[in-house]
Amino acid sequence: MTPGSVGPAADTAEAEDRLRRFAVIWSRAVFPVTASSLTRAELEELLLPLARQLREGLVRRTFAPEEARQVGAALIAAHCTDPDALSRTLDVVDAYLVLYCGPGDGRDAEENRHRSARLQHAVAAGFAQALRDRTRSEQESISRAALSAHHEVAAALHASEARFRTVFEDAAIGIGIATLDGSIVEVNEAMVRMFGVPSHAMRGKRVTDWTHPDDAPGVWRQYTELVRGEREHFSVEKPFYRLDGTVLWTNLTVSLLRDHEGNPQYQLALMENTTERRLLNLRLRYEATHDALTGLPNRTLFFERLEKALAAGDGRRFGLCYLDLDGFKTINDSLGHAAGDQLLVEVADRLQACATAPGEMVARLGGDEFVALTTGSDTAAAVDELAGRILHALSAPVRIEGRELSVRGSIGIVEGPAGGERGAAEVLRSADITMYRAKAAGGNRFELADAEADARAITRHGLTTALPAALERGEFFIEYQPLVRLDDGGVHGAEALVRWSHPQHGVLGPDRFIPLAEHTGLIVPLGRWVMDQAVRQARAWQLDHAIEGPLRLNVNLSPHQLHHPRLVADTVDTLQRAGLEPSALCLEITESALIGADEDLLKPLRRLAEMGVDIALDDFGTGYSNLANLRRLPVSVLKLDRSFTIGMQQHPPDPVDVKIVEGIVSLAHSLELAVTVEGVETGAQAEQLRLLGCDTAQGWYYARPGPADQLHALSLVDAS
């Protein structure tokens with residue numbers, strides 16, 4: 001280690017110093033409200049290991065709330081029972097824990113704040129539980145003292161009363177004694193502090209004067225039963241008005257005291273001040289149910305409201321708008337997340353202004369996804385109007401960092417009666433699917449949910465998620481459709497067509513899963529598997545039918561495969577392992593994939609063509625490409641789209657189709673390109689294509705796609 005370097009020991013010393021400073025701040029904050037004989041320095045030493053526990057909870061990779069709960073419980077054990085001690089502790093943790101004890105591993109600041117908030121919640125929970133346990137212990141002690149005072153013999157009455165008086169005066173909870181008619185005869189100092197009035201002002205006051213609008217249902221019925229001797233005690237959470245108009249929340253336990261003959265004599269009230277705890281719980285509840293960035297209700301609160309709306313009956317209906325901003329990722333990527341956050345806040349403000357009617361609410365689900373809910377007896381029109389207001393509100397540009405940004409959104413709408421069988425998750429999924437339909441239609445619009453479209457989307461999603469496992473389980477197989485020479489009717493080769501033997505949906509054609517594979521990127525390993533299997537089969541055909549000459553195999557190549565850097569290497573490797581000559585392989589690429597292709601995209605195709613692999617331009621005539629571009633493409637075969645030859649299926653053929661095909665064949669042959677026609681279904685069509693000079697053809701007239709061993713079994717029957 002060089003003299004100027006800073007080693008692990010120095011890092012540790014610095015971390016301990018920062019931890020000590022955090023403990024100093026903490027001790028200064030809570031010392032004024034600590035009912036303890038400790039000096040501030042002694043309190044600092046007591047808090048230091050607790051600070052270390054909080055630091056460990058902050059930096060640990062996996063969050064464990066138990067240590068933070070132990071910190072809250074330790075405050076109670078240190079006689080820091082005043083509610084202000086908890087409030088000040090949470091303020092110190094919130095303001096300084098990340099600053100002095102934060103991890104140095106580059107963790108996201110938002111993650112640190114989120115971890116700090118969870119630690120505060122755990123500290124508060126541990127504090128509350130420990131205080132509750134201590135209070136319960138005191139209550140039990142008081143109750144035992146009260147009961148023992150009643151049952152003690154006369155000789156021990158004085159000692160019993162002395163013990164009771166000690167507990168009564170020194171207890172941390174409020175204690176009051178009243179007659180059966182409700183007149184208060186005695187209160188302790190803790191109760192006096194709770195209500196903020198002198199003890200003499202409370203004596204003589206009647207219990208029934210302390211009603212409150214938020215009293216729990218049945219609390220006064222239980223009170224009446226107790227003073228009549230019909231019950232021994234009851235417990236309830238009860239609010240009281242103080243003289244200054246503020247509200248005191250308590251955990252109240254009222255017990256009946258009987259005389260030595262068992263007759264009701266007094267009532268004993270034990271009160272725990274829960275006002276600060278209640279406010280803390282309300283604060284934590286708000287943070288748990290609202291989005292930290294926008295202040296809108298979050299996913300948790302929205303689901304609660306939606307479930308409540310769906311459970312309503314009596315002809316009630318609901319309408320849900322699921323909004324996703326169009327192009328938000330581009331703004332985030334180009335201007336940064338800070339600008340993206342500003343945009344989200346502005347959008348949230350506009351959405352709130354759109355949903356102000358009774359029964360309407362707006363929430364943020366996460367990212368750039370928002371939802372708006374409306375309820376009532378006629379939501380079909382209301383939800384459309386709400387979606388329109390939202391799109392209109394988003395139409396005005398947003399000015400951020402000197403730039404005017406246009407905001408657009410796609411909305412999926414679900415509307416229906418409440419009380420049905422659909423749950424909140426199903427409704428939200430339907431709205432999400434519908435939103436993506438609106439986005440696919442161009443965005444900046446809303447679409448209404450459609451059950452059939454939902455079912456198709458769910459099926460597509462199921463197929464998408466099943467694709468990787470299907471490839472591993474060997475659920476794919478290949479069928480082969482013959483390529484027939486039109487001049488002599490012999491089999492020239494075959495096109496390999498992949499199929500999926502799905503466990504639930506049966507055999508699926510490529511149109512059902514190839515787009516999904518392209519979307520997920522699985523098309524590359526799937527295409528590699530198809531080529532490997534097909535090339536092996538081509539080599540087997542060559543060995544079995546050597547006297548008939550080599551067969552050529554056509555394999556489809558997707559645009560994603562065309563961009564893959566190992567296309568050439570994988571193709572060469574596959575051919576070499578199978579022992580197949582490159583000239584026996586033809587790769588089919590759709591015309592649309594090569595429209596506007598630059599030289600970098602064409603380079604791997606040129607290398608394959610130079611090796612002897614044929615390149616076929618599939619679906620020729622559908623891509624609106626410039627015919628002059630054919631000269632620069634490394635293709636050797638044109639596969640004419642079936643739409644050009646439908647008019648030739650019957651006799652006489654459509655003269656326009658004949659002229660078009662004749663021109664294409666002439667152009668292709670002048671460029672030394674072979675012409676293959678797909679979709680041939682009748683003998684008349686095959687004969688006309690032969691007369692026009694087409695080289696090869698495939699279609700149901702010759703054979704439908706089938707197993708490899710049926711390649712040479714041509715049917716030559718018109719397709720019905």
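1. Let's start with D215 and K238: both are buried. Keep in mind as you read on that this is a predicted model. The two side chains meet in a salt bridge, with N and O 2.7 Å apart. D215 sits in the loop between α8 (199–202) and α9 (219–227), while K238 belongs to strand β3 (residues 233–241), so the bridge ties together parts that are 23 residues apart in sequence.

2. Now for a salt bridge within one helix. R136 pairs with D133, and their closest N and O atoms are 3.1 Å apart. Why are these two about one helical turn from each other? Because they are 3 residues apart in helix α5 (residues 109–151).

3. R485 counts as partly exposed, at 28% relative accessibility. Some bridges also share partners: R20, R40, E44 and E45 are joined into one network that way. Over the whole structure, the search turns up 43 salt bridges.

4. Is T696 buried or exposed? It counts as buried, with a relative accessibility of 7%. Its side chain makes a polar contact of 2.5 Å with the side chain of T676. Leaving out residues up to four places away in sequence, T696 touches V484, R485, L486, H492, V675, T676 and V677.

5. On to the nonpolar packing. In soluble globular proteins, nonpolar side chains tend to be buried together. Here the largest nonpolar core has 78 residues, and the members touching the most others are Y480, W500, V555, L587, L594 and V661. Which helix gives the most to this core? That is α18 (residues 523–544), with 9 residues.

6. Setting aside neighbours within four places in sequence, V661 is in contact with L640, F644, T645, M648, L689, L692 and C694. There is also a second, separate core of 38 residues, which includes L19, V33, L50 and L75.

Technical notes
Residues numbered from 1 in each chain as written. Predicted model: local features only at pLDDT ≥ 70, side-chain atom pairs only at ≥ 80, totals over all residues. Heavy atoms only, no water. Salt bridge = Lys/Arg side-chain N within 4 Å of Asp/Glu carboxyl O. Helix = DSSP H or I, 4+ residues; strand = E, 2+ residues; numbered from the N terminus. Buried < 20%, exposed > 50% of the residue type's maximum accessible area, 1.4 Å probe, protein only. Polar contact = N/O pair within 3.5 Å; in protein donor to acceptor, adjacent residues only side chain to side chain. Contact = heavy atoms within 4.5 Å. Core = buried A, V, L, I, M, F, W, Y, C linked by side-chain atoms within 4.5 Å.
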